[in-house]
Amino acid sequence: MKNQILTFLLALACASVLYSQQTMWVSTGQVKYSFDTQQVGRMPFNVAGDTLTVLGKAFAISDVDSIYLTNTQTEGNTVMVNYDDTVAWVTIAGNIATQVTPIVDGANVRMVQDSTMQQEVFYTLSGTSSNGSFYQEGEYKATFILNGLTLTSSAGPAIDINDGKRIEIQLVDGTTTTLADGAKGTHKAAFNVEGHSEFKGGGNLVITGNTKHGFKSDEYMELKKSFTGLINVKNAVGDGLSINQYLEVKSGRILVERCEGDGIQVDAKADSTKVKNGQFIMSGGSISIEGVGEDCKGIKVEKAVTISDGVIEVVAEDNALHSKTNMIITGGNIYTYSIYAHGVNAGDSLTIAGGKIVAFAAPTVGYGVRGATALFITGGDVAAIGALVSTPKTVEESQPVLTYQGTVYKTIMSLTDETGNAVMTFDQSRSYSSSKRHTLLLSSPSLIEDADYTLNKDASLNDDAENWHGLYASPEAVIDAGTEMATGTAMVPYGVMQ
Amino acid sequence: MKKYILLLVMALAVLCVQAQSYKYLNFTDTVGDIQQVSTTDLKITFADGNALVSTNGEQKTISLSALDYLEFTNTKVYAGEYVRGDMDGNGIVDVSDVNAVINIILKLNEPSDYLGNGDLDESGIIDVSDVNIMINIILKLI
């Protein structure tokens, strides 16, 4: 008897999750509504016979082009927008028809969610238009699925999400979405999000910001662990990415090819209680900044920076990697090249506890690595060069450091121990004037405190040797150690080579 | 009891594998008269106060004036007037119709003008088998 009752309950559960496979479509101009015929029940006319109401949505008969059926399943809580050159076709799931209002003008689409909406809506954008846009307004979390959309707006953002809640942005695997905004506008970005943006998926997003920023998120931006895609700013009049509150990168790629502002700027919110306010946190993924504006920074962060993994490659006119407060690097591969300023710069303390860091700073004025109040090196492989570097300070577990100040040649430098083994090799590929003194800082877990080392120039390498932007950590990389240019003792907090 | 539970489970299982779609669309006016159309290849457009209905290769024009509502159904309407199984003329098949049929069987009521609606197996008499069919209609099993 028990088994039979259980079987009955199972069958009942089965029946209760059935989907209808019949959809009623109400077509009104560029907007169609899809209704599950199992849900519509009675559809009343008004007394005059000029209005038909379906699931609470009143349709003026004069607006209805046709009503028809298909043997397809209706997915609730969805909005599909497909751009087709000068028009956009919008499909709205019937169960949200009373709470989502479309305003469609050619290929410019505005979707206004009622403030009473308490369900997540899933918007899918696709197609192509060279004169279109998408705007959404709401007060509840929403998801935007970008499915190979190509959208250029002649005025205003290409995508503008005026919803202050959690905004999930899915880049469909295998697709590329390309966005560009109108020039000389007053808006903030080609792709603007009022709320907090979370990226998922494996597709590509290519953005051009013709008025100001490429992408702006007024609250935090997260690249989730499930994000395997690429956010590529081709060009921006402002910053490549402009983020308020915090940027957290766990996976995926960010590439800023060119911008006239900072590559990535992270600002703190006025409300200081906001979580991770003003911070940049990276634990995976990669960021490449290839070109920024005059006097602009590569990655500019108003508060703290924490990097535990991932890859960062930044070329900038001003500081390449910059935090206004503390910076802590415990892992990851970091390459910074500043044309006129510092390579890695922290406005407070800089702690390097792991990872591989290669930092080139400007001749004459730039610091390779700089902590305005303190520099602590407790781990990692570090090669930093500039006019100066910050003087490392001693803490528990400080790692030995060697510094050299003098003529720095554009050459492959090797650091050999007393037995002649190359413990570090650095391809110093930047030209620094031989008439001025510059500073090289080298540190590695391979250095032994109080051991003597020789700094050599003109070393030769195995072409296949593994390296991070010219920093080789393996003795097998060197074929010939080169000729001696200085000697010194590795010490904590640092030793000086002469 | 065992037999009925197993039958119910089988019926629900059949429901699981069936496509959930309606066969008919009713246009019901304010006095309860119904014009029913098939949902096969159904398309409706509107012009000059009329619904222009195209279905199953046929065309039909239905005036919008005095129309009360549309409703999908799987219950066929015979002779364009009554809903099969509708014993009290309210336009739908529900528990009150089951009670009406049972009362007829128990000879508590005389058959009404809707007698034809109660003889669902078209056997010529109203009996328990008609009650079973009526229940299946209510449960949307047929």
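In this predicted model, Asp218(A) sits in the loop that connects strand E21 (213-217) to strand E22 (221-227) of chain A. Although it is a loop residue, Asp218(A) counts as buried, because 22 C-beta neighbours fall inside 10 Å and the cut-off for burial is 20 or more. Leaving aside residues up to four places away in sequence, Asp218(A) touches Val193(A), Glu194(A), Gly195(A) and Asn244(A).

The largest nonpolar core holds 149 residues, and within it Val81(A) and Leu402(A) touch the most other members. The element that gives the most to this core is strand E37 (residues 374-386) of chain A, with 7 residues. Apart from this core lies another, of 12 residues, which includes Met87(B), Ala100(B), Ile126(B) and Met134(B). As a general background, nonpolar side chains in soluble globular proteins tend to be buried together.

The contacts of Leu402(A), again not counting residues up to four places away in sequence, include Leu415(A), Leu442(A) and Leu447(A), as well as Tyr453(A) and Gly488(A). The last two of these residues also meet in a sheet, where Gly488(A) in E46(A) is the bridge partner of Tyr453(A). Strand E42 (residues 452-457) of chain A and E46(A) pair in the antiparallel sense, over 6 bridges. They belong to an open sheet of 5 strands in chain A, ordered E44-E40-E39-E42-E46, with antiparallel pairing. Strand E44 (471-472) and strand E46 (483-489) of chain A stand at the edges of this sheet, and each has a single partner strand, so one side of each is left without a neighbour in the sheet.

Of the 142 residues in chain B, 24% are buried, and among its contacts between residues at least 6 apart in sequence, 44% join residues at least 24 apart. Strand E1 (residues 24-29) of chain B runs antiparallel to strand E2 (residues 34-38) of chain B, and 5 bridges join the two. Within this pairing, Asn26(B) has Gln36(B) in E2(B) as its bridge partner. The hairpin of E1(B) and E2(B) has 4 residues between the strands, and Gly32(B) in this hairpin takes a positive phi near 95°.

Methods:
Residues numbered from 1 in each chain as written. Chains lettered and ligands numbered in written order. Predicted model: local features only at pLDDT ≥ 70, side-chain atom pairs only at ≥ 80, totals over all residues. Contact = placed C-beta atoms within 7 Å. Pairing = 2+ DSSP bridges. Core = buried A, V, L, I, M, F, W, Y, C linked by C-beta atoms within 7 Å.
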